[in-house]
Amino acid sequence: MTVLERIKSCQAPALHLGKRGFKDESVTICSVLCENTILNSADKTIYKRMDHQYLRFLNDIASERKESLLRVTFNEQNESAGIIKMGGGMPNPKLSPIREGSLTLADGRMITLNEPLMEEALQYGSSTGYGPLMKQIESLTQRFHAPPCWPNTMMFVTAGSLSGLSLAIEAMISKGDYIIIDNPCYPGTLAITDPYKPRYLGVEADADGMNPESLRSVLSPWNPQKAREATHGVPKFLYTNPNGCNPTGGVTTTERKKEIYKIASEYNIIILEDDPYYFLQFRDQKDFPPSYLSLDVDGRVIRFDSFSKSLSAGLRVGYITGPQPLIKRLNYHQQCSVSHASMLSQVIISEILRLMGEDGFLEHVRKVQEFYRSQRDKMLDAATKHLSGLCQWDVPAGGMFFWMKVVGVKDTLKLTKKLSETKRVIVIPGVGFLPQENQASPYIRISFSTATKQEMDEGFRRIAELLKEEAAVNK
Amino acid sequence: MESASRMDYTRFMTDVTKNRKATLLRDLFNLQQQGRDDWIYVIAGLPNESFFPLKEGQFTMADGTKIILDKNTMKECLQYGPSGGYPPLVKQLEAMVKKHHNPPRWSERKLMTINGIQDGLAATVTMMMNERDFVLLAKPTYSTYLSLIQPYSPRILAIETDENGLIPGSLKGALSRWNPKEMSKAHKDVPKFLYMNPTGNNPTGTVLSADRRREIYDICCQYNLIIIEDDPYYFEQYTSEAYPPTFLELDTECRVIRLDSFSKTIGGGLRIGYAIGPKSLIEKLIFYQQVTTQHVSSLSQITLHQILNVWGEDGYEQHVEKVKEFYWKKRDDVVACAEKHLSELCEWNVPGGGLFMWIKVKNIPDVWDMLMKRAAAKKVVLVPGNGSMPDSSSPCPYVRVAFSHTPTEKIEEAFRRFAELIREEMSINKSTKG
C-alpha cells in the first residue's frame, strides 16, 4: 500500500496515525497531508478530517473563531512590485518620535536599531511574529525537539509564554471541566483555571516529575475507548511543567515522559508542556531528557517556551508550538486580542540572538544555568547547616526553587505568616500550590534566584529559630 | 450633577469573571517590590539580573534628543513588572486623562496599561460577555470587534449611523422592546454594554457630535448600559474647533470604560494603551492581565515614560498637533483624489477624523469579489466593507480606504486603478445579465 492508501484505510482518527507501526512514516504522513499542492480534493478531505479531529478539544467559542478579515486581505495580496496597498490603517512612520536606537550587550558589543529597523520595531506586526525571530525559534525548536510531525506543526510568538498558555486553556476549558495538572502546581496556571471552577485531577509530582502511576490512577474512572471520542465529562488536556518544575524543582525523567505520553495517547489527551526552565536544568545540555514535543508522533503536544529566564522577562516574549489545527485557532484569538508581542521586544530579542548566534545563545544559557546551579548549591549548604532535622527536601534538579517540607507541621500557612511578622522573612506557604481549595500543606517554597549567601544564611537561621520556638511551644 | 449612588458592577460580569481574584504570586511580587531593607525575601522567582543580556541603551528622537536607558533603568526594562502598569507611567497617564477629559468621580476610577486597545477590548469582552448575549453596536463597525464577538454567537442589535455617527433614535429603537427599569435590573437576555468608536470611526471616519453624545449617554443611563469607548483617533480630528467631549468626560454615573492608545501617535509596535474605568471593573481586567500577558512590556512602558518626560506636557501637545496636521493633509489629499477619479462612480462623506475613508460604489451591490479576486490583477489593495457589517454575508457596496501611509501620488494612481476596476466590474455585471 502507498502511504496515502494507508491513511485512507486507517479507521482510527487522524491523531492515532502516529501509532508504533507508523512511527517511521509519521513524518511522511504528515508532510503528505500538509503539502496541499499534491493533495487532490479527496486527500484534502483527509486533511480536513484531521482538522476536524481537533475540534473535540475546543469549546464552543474557540471552535467558532475565524481568521480576521484584515489578515486575509493582507495575506491574499502579497507584497509585490507595483501593488498599492491602502488596506490597513497603519500609522505613518514619518510621525514616529523615535528614529533609531542602540543597545549595549553585556559583552560590550552593540545592537544598532537603524531607521528602517526602528520603523519596523514601532509599526504593527504580524500576529504570528517578527519574521527573523520566527526563523530563529523554528531553528531552536528543530535543534532541541525535532518535532516528529513538523510539517503539521505551527508556531507563533506570544507576549510571554503565560499568554500562550492562557490562549490554549481558554480555547479548551469549559466550566466544571476535569483538568489534569501537576500536584503541586504552578499557581499562575491555577489562576487561569480556578475561575472556571474545574474538577482538578492532581497528579503527584516528585523529584522525578509527574508520576505515571498516579496519572493512571486519576484516569481510572474512565474507559479509554469511550473517553477518547467523548466531548464532555472527560479530561481533555493535561498541564505539566516538566523541567525545574515550579515549585518542586523536579525534572521529569525520560521513562516517565514516555509512559505519560502513552497514557495521553490512550485517552486522547492534549499535553500542555509548559517549559520556561528548559535551559535551567542542572546538567549538561546533551543530557537533557527529551521533551514531550520531541516524542509527539500523534500531534497532541502544545509546548510553551519562554525567554523570561534566559534573556528577559520584562520584554514579554515567548512562543507556542503545536498541531496546526489547534495553534491556528489560538492565533485567531491572538489576532483580535493582544495582536502580537511588542515589536520592539521581538526585534531586540531577535537581534540579541543574531549577534550571539545559536551556539552563542546556548553558551549564554549554559552560563545562566551554571549560575543558578551555584545558587542552588549555596542554598543547599545553608539548608543543611540550619534546617537539617527541621525540614526535608529533595535537591532541585532545575529551576529556581527549593520545595521544603516542614517536619511535624500539617499546614505551613500560619507559620509563614508568623515568619514574616516576627522574623521578617517571607517564604510562600505550600497551600498556594495546591489545586484544591481548603487543603493543608506542610511545604514551603523558597527561591534561590536572587538571594545572596548571607541572606540565605540569615534567612534560614531565622526560620530555624521560629521552628524551634514553635516546637517548644507545642510541647 | 453627580449621582451619589453607585452602580452594581457585578451585574456586568460573567460567572468566570466574578471568580477571578488576585494571584498569590503577583500579590507577593508587589510586596517584594516595596523592598524594605531589613526584610529577607526568598519568594518570587525573579530572574537574576546579573544575566540580563543588555546593559544599557539609548534611543534617538526625531529632533536629536536622546532617551538614555542607564544600567539601572535597563535592568527595570528587562525585569518583570507589576500588572496594571509601570507606576510612574500610570501616574503620567492619569495626569493626561485628567487634563484632557476631566472625568467626574475621579476617585472611583482606576487606570491600567494594556497591550494596545485591542487587548483591552478583548479583555472587556471576556469580562462581560456570555454566549448568545445581546450586543449593541453601530452599523458599520470596527471589523476586528466583530471578529472578537462572533464566536459567542451574539444576538447583534445593529444601530444605524449617518454622516454624524451613531443615531440616538436608532439606539432607542433597538432598546424599545424593553422596559428601561426592568432592563436596568435584569441579569440575562438584555444588552448590557454599548461598544462605541465615536471619533474618526473605523471605517466611516465620522465624528459623533456633542449633542448626540449627551443623548446617547442619557439613554445608556436609562437602560443601565456600560459604555466601551474605543478612542484611538481622539487626536486625529480634522477641525479647528473644540473637540466634542469624550464619553469619559460626560460620565457622571461612572459607567464608561475608555480605551486609548499610543499606537497612532507613537507606534503600534510598542503595544501600549490604557484603560480607565470604574475601579471594580478595571480590577477584574487587571486580574485577567495577571493570568495572560502579566503586564505590558517593561521596555515599552519605560521608553514611553521617558519620551513623555522629555516632551513635558507642551511637547506632547505639539507632537499630537503635528500628527493631526499630517493626517489632515492626507485626508484632504485622498478626498481630492476621489473627486478627481471617482465622482461619477462613487459616493462618500468627508472623514471628520481617523485614518479611513468610507466609499460607496454606486452601481455595484457587493464589492467582495471585485476587491478580493480582481483587484490584485489591478495591483491595488482596498478592504471590502463586508467585514465591517454585523452581517458580513449580506451584499455590501462599501469600500474602506486607508490613507495613513500611502504617498499622495500613489493614492492618485490607486484611485485611477480603482476607477478602472469598477468600470470593468460594471461591464462584467452587464454582460452576465445578458
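Where in chain B does B:Pro140 lie? B:Pro140 lies in the loop between β5 (134–139) and α6 (143–149) of chain B. This report describes that loop and other local features of a predicted model.

## Cis peptide bonds

The bond joining B:Lys139 and B:Pro140 is a cis peptide bond, with omega of about 0°. B:Lys139 also takes part in strand pairing: its bridge partner in β6(B) is B:Glu160.

Chain A has a cis peptide bond between A:Asn183 and A:Pro184, where omega is about 5°. A:Pro184 is found in the loop between β5 and α9 (187–193) of chain A. As background, most residues other than glycine have a negative phi, and most peptide bonds are trans.

A:Asn268 is not a glycine, yet its phi is positive, about 55°. This residue sits in the loop between α12 and β9 of chain A. A:Asn268 counts as buried because its relative accessibility is 3%, and the cut-off for buried is under 20%.

In chain B, B:Arg271 has a positive phi of about 55° although it is not a glycine. The loop that holds B:Arg271 runs between α10 (263–267) and β11 (273–278) of chain B. B:Arg271 has a relative accessibility of 3% and therefore counts as buried.

## Chain A overall

Chain A contains 16 helices and 16 strands. Of its 475 residues, 62% are buried. Among contacts in chain A between residues at least 6 apart in sequence, 72% join residues at least 24 apart.

## The eight-stranded sheet of chain A

Eight strands of chain A form an open sheet in the order β4-β11-β10-β9-β8-β5-β6-β7, and the pairing is mixed. Its edge strands are β4 (153–158) and β7 (209–210) of chain A, each of which pairs on one side only. Within the sheet, strand β8 (residues 237–240) and strand β9 (residues 270–274) of chain A pair in the parallel sense over four bridges. A:Phe237 has A:Ile270 in β9(A) as its bridge partner.

Helix α8 (residues 161–172) of chain A packs on this sheet and touches β4, β8, β9, β10 (301–306) and β11 (318–323) of chain A. The direction of α8 makes about 160° with that of β9(A). Helix α10(A) also packs on the sheet, touching β5 (178–183), β6 (199–206), β7 and β8 of chain A. The direction of α10(A) makes about 165° with that of β6(A).

## Helices α10 and α12 of chain A

What is the angle at which helix α10 (residues 212–219) and helix α12 (residues 254–267) of chain A pack? The angle is about 15°, and the axes are 9 Å apart. The two helices are therefore roughly parallel to each other, since angles under 35 degrees count as such. The crossing of α10(A) past α12(A) is right-handed.

From α10(A), the contact involves A:Pro212, A:Leu215, A:Arg216 and A:Leu219. These meet A:Arg256, A:Glu259, A:Ile260, A:Lys262, A:Ile263, A:Glu266 and A:Tyr267 in α12(A). By type, the residues of this contact divide into six nonpolar, no polar and five charged.

## The β2–β3 hairpin of chain A

Strand β2 (residues 98–105) of chain A and β3(A) run antiparallel and are joined by four bridges. They form a hairpin with four residues between them. In the turn, A:Gly108 has a positive phi of about 100°.

Strand β3 (residues 110–113) of chain A has a covered face made of A:Ile111 and A:Leu113. The uncovered face holds A:Met110 and A:Thr112. Opposite A:Thr112 in β3(A) stands A:Ser102.

## The eight-stranded sheet of chain B

The open sheet of chain B has eight strands in the order β4-β11-β10-β9-β8-β5-β6-β7, with mixed pairing. At its edges are β4 and β7 (165–166) of chain B, each pairing on one side only. β5(B) and strand β6 (residues 155–162) of chain B run parallel and are joined by six bridges. Helix α4 (residues 87–101) of chain B packs on the sheet, touching β4, β10 (256–261) and β11 of chain B. The direction of α4 makes about 120° with that of β4(B).

Edge strand β4 (residues 109–114) of chain B includes B:Thr113. Is B:Thr113 buried or exposed? Its relative accessibility is 0%, so B:Thr113 counts as buried. Leaving aside residues up to four places away in sequence, B:Thr113 touches B:Gly84, B:Gly85, B:Leu89, B:Leu93, B:Gly273, B:Tyr274, B:Gln289, B:Val296 and B:Gln301.

How values were computed
Residues numbered from 1 in each chain as written. Chains lettered and ligands numbered in written order. Predicted model: local features only at pLDDT ≥ 70, side-chain atom pairs only at ≥ 80, totals over all residues. Heavy atoms only, no water. Buried < 20%, exposed > 50% of the residue type's maximum accessible area, 1.4 Å probe, protein only. Contact = heavy atoms within 4.5 Å. Axes fitted to C-alpha atoms, helices over the stretch in contact; angles between N-to-C directions. Parallel < 35°, antiparallel > 145°, perpendicular 65-115°, else oblique. Left-handed = near helix turned anticlockwise from the far one by under 90°. Nonpolar A, V, L, I, M, F, W, Y, C, P; charged D, E, K, R; others polar. Pairing = 2+ DSSP bridges.
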